[in-house]
Amino acid sequence: MKTRPLLLSAIILVTSQAEAQTGPSPLRSIASANRKAAAQPVVQGFVNAIQVYPYSEGSIFLGYTAPGSVTDIALQPGETLVAVASGDTTRWVIGDTTSGGDGSGDGAPKRTHILVKPFSAGLATNLVITTNRRTYHLRLASTAATAMAGISWTYPQDDLIAFQRKEEAARAAEPVAAGLDIAQLHFDYAISGDRPPWRPLRAFDDGRQTYIEFPLALVQGDAPPLFVLGADGKAELVNYRLRDRYYVVDRLFGAAELRLGLKKQEVVRITRIESTKRRRGA
């Protein structure tokens, strides 16, 4: 009579051990991931009646609707709608429209709006919106009377990229060096050695810093490290920075080498030539 309870206990033990070895079930993993990815409306996120979510790829944005009310899902201005798909197209009205654009007269870019309305309370569905820029995942629920007037997004990644581009443009507009005294510039440098695509066009200094100008090929490929040659002929790394197509070296040197490659190394030497006038005045 004790055989059946013992057998049941053994089955439960084996099942528990199997779950412990294999981890949680796929359904539990999916449910957990969806809960963690859900972005709920919060008081701080409202701008008037519009909930503004920070966009993050893979997030599920929640929207609450109600029968008799239309919820406006506004995409990024200038974003082009590709497709809209919903899990329930029978009990939800889903459409789209645009605002702004050339016909608006205010110069604002065209903006796409997805309009959703449930037929009754107690419904739930998902919405996938694809555009030329990104994919939005939304989870919609209908209540008896409370509906969100609208949903829109901020785009932190786009803002970061725009800021970086602005910074790069500002740096590109800056001169390689400011306050140079033309009378102090020294252009007597000899460039010798191999002829790789990145071979410098010229080198000069202002008595304090050395500037090495490269062709555009430097921007498109690998930048060779710079070594200064000491009096004993030994090479040592030197501090320098890349500004546009220039290496700016915070010192003068008699000779230096640009080296690139391992097995077949390309070497270009830069030698500072003292003028006759300077040698006489030394």
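## Serine 59 and its surroundings

Contact here means that heavy atoms lie within 4.5 Å. The structure described in this report is a predicted model. Within that model, serine 59 touches Ala37 and His137, when neighbours within four places in sequence are left aside.

Serine 59 belongs to the loop that runs between strand E3 (50–54) and strand E4 (60–65). The relative accessible area of serine 59 is 17%. Because buried means under 20% relative accessible area, serine 59 counts as buried.

## Tyrosine 136

Strand E10 (residues 135–142) contains tyrosine 136. In sequence, tyrosine 136 and serine 59 are separated by 77 residues, while in space their C-alpha atoms are 8.0 Å apart. Tyrosine 136 is buried, with a relative accessibility of 0%.

Apart from neighbours within four places in sequence, the residues in contact with tyrosine 136 include Tyr55, Leu75, Gln76, Leu127, Trp153 and Tyr155. Glu79 is also among the contacts of tyrosine 136, and the side chains of tyrosine 136 and glutamate 79 form a polar contact at 2.7 Å.

## Asparagine 48

The loop between strand E2 (46–47) and E3 holds asparagine 48. The relative accessibility of asparagine 48 is 79%. Since exposed means over 50% relative accessible area, asparagine 48 is classed as exposed.

The backbone of asparagine 48 also deserves a remark. Most residues other than glycine have a negative phi. Asparagine 48, a residue other than glycine, has a positive phi, near 55°.

Strands of a sheet pair through backbone hydrogen bonds, and the pairing is either parallel or antiparallel.

Tyrosine 211 has valine 248, in E18, as its bridge partner.

Definitions and conventions. Residues are numbered from 1 along each chain as its sequence is written. This is a predicted model: local features need pLDDT of at least 70, side-chain atom pairs count only at pLDDT 80 or more; totals for chains, interfaces and linings use all residues. Side-chain values use heavy atoms; hydrogens and water are left out. Helices (H or I, at least four residues) and strands (E, at least two) are DSSP runs, numbered from the N terminus. Buried means under 20% relative accessible area, exposed over 50%, partly exposed in between (1.4 Å probe, protein chains only). Two strands pair if DSSP finds at least two bridges between them. A polar contact is a pair of N or O atoms within 3.5 Å; within protein, one must be able to donate a hydrogen and the other to accept it, and residues adjacent in sequence count only if both atoms are side-chain atoms.
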